[in-house]
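Biologist: I'm new to reading protein structures. Could we walk through one together?
Modeller: Happy to! Let's bring it up and take it step by step.

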Amino acid sequence: QEVIGRDASPACLSTFSIKDRDGHVWRYIAVGSAPEDGVPVAKPLHVYRWDANATSAWLVYHHEVSVALRGGATTSPTSGKPAPTAMAIEALDTFEAGGYTFLFSAASSGSSSPGSAKHARAMSFVWRWNPLGSTALENGAVGQGSGFEVFQLVEECKSASHVQALRGAASDENRMVVTCYAAQTQGALFVYAWSPSVMNEIMQTRVGRFEISQSLQISNPVSTEMLTAGGRDFLMVASNADWAPANPSPKTSTPAAALHSLCWDSASGALSVASTDPDATCRPLVRSSYGSDDFAGVVKMRAFDAGGEVYLALGQGLCSSLGRFSASFNRTACMQNQASQFSGGQPGALILQYNRVEGDLGKLTAMTDLASMRDHGIPVPDVEFRTHEQDLRIHVGCVAGWVHVRTGGRDM
């Protein structure tokens, strides 16, 4: 099946399930659009439903997710700023709280009318699934049919690049992390926690809202990924100065890039920044031998388990995003200046593996514990764990995303 013509410039999606009042579980996909030039689109978000029967299965269109506020309001009830009617959505994620399903967005830009100039300050949206047969329509009126309706405006990010639910194995805590690559300090992370029974300005009743529980300053963050290793939960943060709106183009050298690790403390319900201090309880997860060039152009990440090992896939691509923020951006010149140092013009994609002996993310081992148990009856001895290890580079540039799939007894 191919679904075309409805989504202006698909950039992200999120899958979720809803149980209706009859107990039937429906599966959905929400698709967000973010054009390469960063210009907001009037219909940035659509939802499709998976429709299956005894003989066939396919996606059917469910509804366009409205950005209209209740009562036809045109400004934020908290800040008074104009609420965007057009958006560029970089990332989506779902969150269960208070018996409802929420859809969080990360918007890089917004506009009061389609095709007009971008706001200097964008707003990201939170929508709530309304299963009761009434949703807010484009004109603010209430209509019939289940679907998402605007629940909250997230205004702390000037421009958001990523959003993710903090779901870890070592803790049952859930938080939403919104990554801002354009803040006063050129980068921040905001952690939102669900607060029930508090006043919601959009819904105009005490139905709860997401409130900031923590903020952290990180230069030019572009994406995050939750990873569990060694019995602890980590939030990996990729930073890439290529995404900084103030970055001139083209540069004669590769913009700085890094991979940060934050530790989740279930006792305090907060993230802590890793430190190289020998007495620190949160140590850096990435091997110290890696530098900025190793992570050049990093954008998308995906953590996954395979064969008893923990891996982190890094998608890298130079000159892949700067054009969204500068009308004078010249992609050809950028590639000539930045990418000439890499074979094929791009750094490719890097796969890191968690080393249980060193307690860090590094090169891939020559043999896993599972393979050693199969062939020799014992796990890989600690002294041999790094023997013949090497980097795994996949020679594919400008990776837009990752999905880990296990099928037919194999990991892909």
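Modeller: Keep in mind that this is a predicted model. We can start at the link of Cys157 and Cys180, which is left-handed, with -65° about the S-S bond.

Biologist: Which parts of the chain does the pair of Cys157 and Cys180 link, and how many residues apart are they?
Modeller: Cys157 sits in the loop between strand 10 and strand 11. Its partner Cys180 belongs to strand 12. The pair therefore links distant parts of the chain, and the separation is 23 residues.

Biologist: Is the link of Cys263 and Cys282 left-handed or right-handed?
Modeller: These two cysteines form a disulfide with sulfur atoms 2.0 Å apart. The angle about the S-S bond is 85°, and the link is right-handed.

Biologist: Is Cys282 buried or exposed?
Modeller: Buried means under 20% relative accessible area. Cys282 has 4% relative accessibility, so the label for Cys282 is buried.

Biologist: Now to the rings. What kind of aromatic pair do Phe102 and Trp194 form?
Modeller: A pair of aromatic rings is described by the distance of the centres and the angle of the planes. For Phe102 and Trp194, the centres are 5.2 Å apart, with 45° between the planes. Planes under 30 degrees apart count as stacked and over 60 as edge-to-face, with the rest called tilted. The Phe102 and Trp194 pair is therefore tilted.

Biologist: How many residues apart in sequence are the parts that this pair ties together?
Modeller: Phe102 lies in strand 6, while Trp194 lies in strand 13. The pair ties together parts whose separation in sequence is 92 residues.

Biologist: What kind of pair do Phe304 and Tyr311 form?
Modeller: The ring centres of Phe304 and Tyr311 are 5.3 Å apart. Their planes meet at 20°, so this pair is stacked.

Biologist: Which ring has the charged end of Arg6 over it?
Modeller: The charged end of Arg6 lies 3.5 Å from the centre of that ring. The ring belongs to Tyr61.

Biologist: Last stop, the largest pocket! Which class gives the most residues to its lining?
Modeller: The pocket holds about 840 Å³ of space, and 29 residues line it, with Leu13, Leu92, His162, Arg302 and Trp402 nearest its centre. By class, the lining has nine polar residues, six charged ones and 14 that are nonpolar. The class you asked for is nonpolar.

How values were computed:
Residues are numbered from 1 along each chain as its sequence is written. This is a predicted model: local features need pLDDT of at least 70, side-chain atom pairs count only at pLDDT 80 or more; totals for chains, interfaces and linings use all residues. Side-chain values use heavy atoms; hydrogens and water are left out. On a 1 Å grid over the protein atoms alone, a cavity is a set of points where a 1.4 Å probe fits but cannot get out, and a pocket is an open set with protein on both sides within 12 Å along at least five of seven lines; lining residues have an atom within 4 Å of a point. Grid points are joined across faces, edges and corners, and a volume is the space filled by probe spheres set on the points. Ala, Val, Leu, Ile, Met, Phe, Trp, Tyr, Cys and Pro count as nonpolar, Asp, Glu, Lys and Arg as charged, and the others, Gly among them, as polar. Rings of Phe, Tyr and Trp (its six-membered ring) pair if their centres lie within 6.5 Å; planes under 30 degrees apart count as stacked, over 60 as edge-to-face and the rest as tilted. Helices (H or I, at least four residues) and strands (E, at least two) are DSSP runs, numbered from the N terminus. A charge sits over a ring if NZ of Lys or CZ of Arg is within 6 Å of the ring centre and within 35 degrees of the ring normal. A disulfide is a pair of cysteine sulfur atoms within 2.5 Å. Buried means under 20% relative accessible area, exposed over 50%, partly exposed in between (1.4 Å probe, protein chains only).
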